[in-house]
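I begin with the helix pairs and then turn to the domains.

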Amino acid sequence: MNIFNYINRLFLSALFVGITTSVSVLGLQNQEAIASSHKLQDRTLKQMVKNVDLIYPLVWQKTYSAVNSPKPNNSKLKIEVGPKSKIYSKNIRKAFTLTMKVFNEVELPPITLFLISNGDDEEWANKRYQELLGKNFNPENIGYGRSPNGNAVQIKRFDPSNKELLKDPNVPNGGTDAHGFTHLLQEYQLGVGNETFQGVPRWILEGSADFMQIYYLKRNNYTYWLLNRQGQDIKQHSIKFLNEYLTYVPFKELSGAQTPWYITNKYPDQWAYSIGSYVCDILVALEGPSSLMQIYRDYVDTKNFDKSFENIYGMTWSEAKPYIAEILYKLARR
Ligand SMILES: [Zn+2]
């Protein structure tokens with residue numbers, strides 16, 4: 001047992017007084033113990049600042065509960081493969097089913113049409129996409145849409161000549177599909193008003209998708225999942241920087257071609273994923289995974305992320321941000 005496992009075990013033991021005797025081996029046992037424990041209480045951001053170790057057991061418990069919810073989930077996937085294309089993974093359906101379960105509290109598409117285009121089928125995919133979306137076709141978002149009859153449409157573009165892509169294990173194992181289906185659901189919520197992605201911060205767009213991808217890949221083992229959340233990739237950021245990076249300015253206060261993504265766009269793309277996924281963990285710990293989608297649906301009505309954040313989490317984003325920045329800083333140093 002390495003030092004991390006030892007420390008991890010100590011904190012789990014302290015946290016789950018009463019079930020520690022059954023949590024003698026890390027792995028599947030503690031995963032179930034955490035998920036079924038009724039000792040975990042809902043926590044506020046202020047409490048999380050004081051003790052960041054409260055966060056991950058809550059994220060795991062709330063996501064596990066969503067996946068194992070008795071709520072019926074009849075969302076269906078129909079895969080259409082372009083005439084010159086091939087299926088690139090056996091795990092597309094697995095990724096789809098889990099994503100629809102994790103976000104089971106929001107409106108889900110009855111049918112999702114998934115168009116696979118391996119480079120040579122761009123013309124076919126674009127034509128088919130436009131045909132399926134009809135009057136809802138939005139040239140600003142060619143990839144994810146909501147059709148007038150309430151179905152979801154996604155183009156999966158896959159270039160088989162891209163050697164880097166072929167080497168990425170997330171392609172055959174379904175990880176990139178779990179990520180992509182999260183974007184599909186975000187667009188599906190926004191599609192009610194045919195909004196573009198850029199009204200809601202980029203870090204929540206990519207952070208939610210990475211949250212889902214990581215959960216999909218590590219879903220069988222709490223310890224492995226937790227090892228992925230050590231914060232090394234956000235350790236370089238100061239509290240001051242995090243506060244700046246996470247600043248939200250609504251469309252109506254911006255000039256010209258600027259969008260609410262303008263601050264995020266000044267920095268490396270990867271930070272929207274890394275910083276974003278940790279912010280999303282905190283939001284899941286507060287209100288469960290579906291809250292990440294509810295905010296997209298609410299934005300259609302408010303056109304203001306700050307206000308929608310308040311509707312879902314009880315305070316505006318601008319009020320929550322200093323707490324979030326401090327939590328992120330501490331998460332990277334625990
Ligand atoms: Zn993405």
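At what angle do helix α4 and α5 pack, and how far apart are their axes? I looked this up in a predicted model, in which local features need pLDDT of at least 70 and side-chain atom pairs count only at pLDDT 80 or more, while totals for chains, interfaces and linings use all residues. Residues are numbered from 1 along each chain as its sequence is written.

Entry on α4 and α5. I find that helix α4 (residues 55–67) and α5 pack at an angle of about 110°, with their axes 7 Å apart. I take axes as lines fitted to C-alpha atoms, for helices over the stretch in contact, with angles running from 0 to 180 degrees between N-to-C directions; helices (H or I, at least four residues) are DSSP runs numbered from the N terminus. The two helices are therefore roughly perpendicular to each other (65 to 115 degrees; under 35 would be roughly parallel, over 145 roughly antiparallel, and the rest oblique). I note the crossing of α4 and α5 as right-handed, meaning that the near helix is turned clockwise from the far one by less than a right angle. In α4, T63, A66 and V67 meet L98, K101 and V102 of α5, contact requiring C-beta atoms, placed from the backbone, within 7 Å. By class I record 4 nonpolar, 1 polar and 1 charged residues in the contact of α4 with α5 (Ala, Val, Leu, Ile, Met, Phe, Trp, Tyr, Cys and Pro count as nonpolar, Asp, Glu, Lys and Arg as charged, and the others, Gly among them, as polar).

Entry on α8 and α13. The axes of helix α8 (residues 175–190) and helix α13 (residues 291–302) come within 7 Å and cross at roughly 25°, which makes α8 roughly parallel to α13. I find this crossing to be right-handed. On the α8 side I list L185, Q186, Q189 and L190, which meet M293, Y296, R297, Y299 and V300 in α13; the residues of this contact divide into 6 nonpolar, 2 polar and 1 charged.

Entry on the domains. The protein chain is divided into domain 1 (76–194) and domain 2 (201–331), with bounds from an automatic or database domain assignment. I note that their C-alpha centres lie 23 Å apart, and that 21 residues of domain 1 are in contact with 17 residues of domain 2. Which elements give two or more residues to the side of domain 1 that touches domain 2? They are α5 (92–102) and α8, and α8 gives the most, with 9 residues. By class, I record 9 nonpolar, 11 polar and 1 charged residues on that side of domain 1.

Technical notes:
Contact = placed C-beta atoms within 7 Å.
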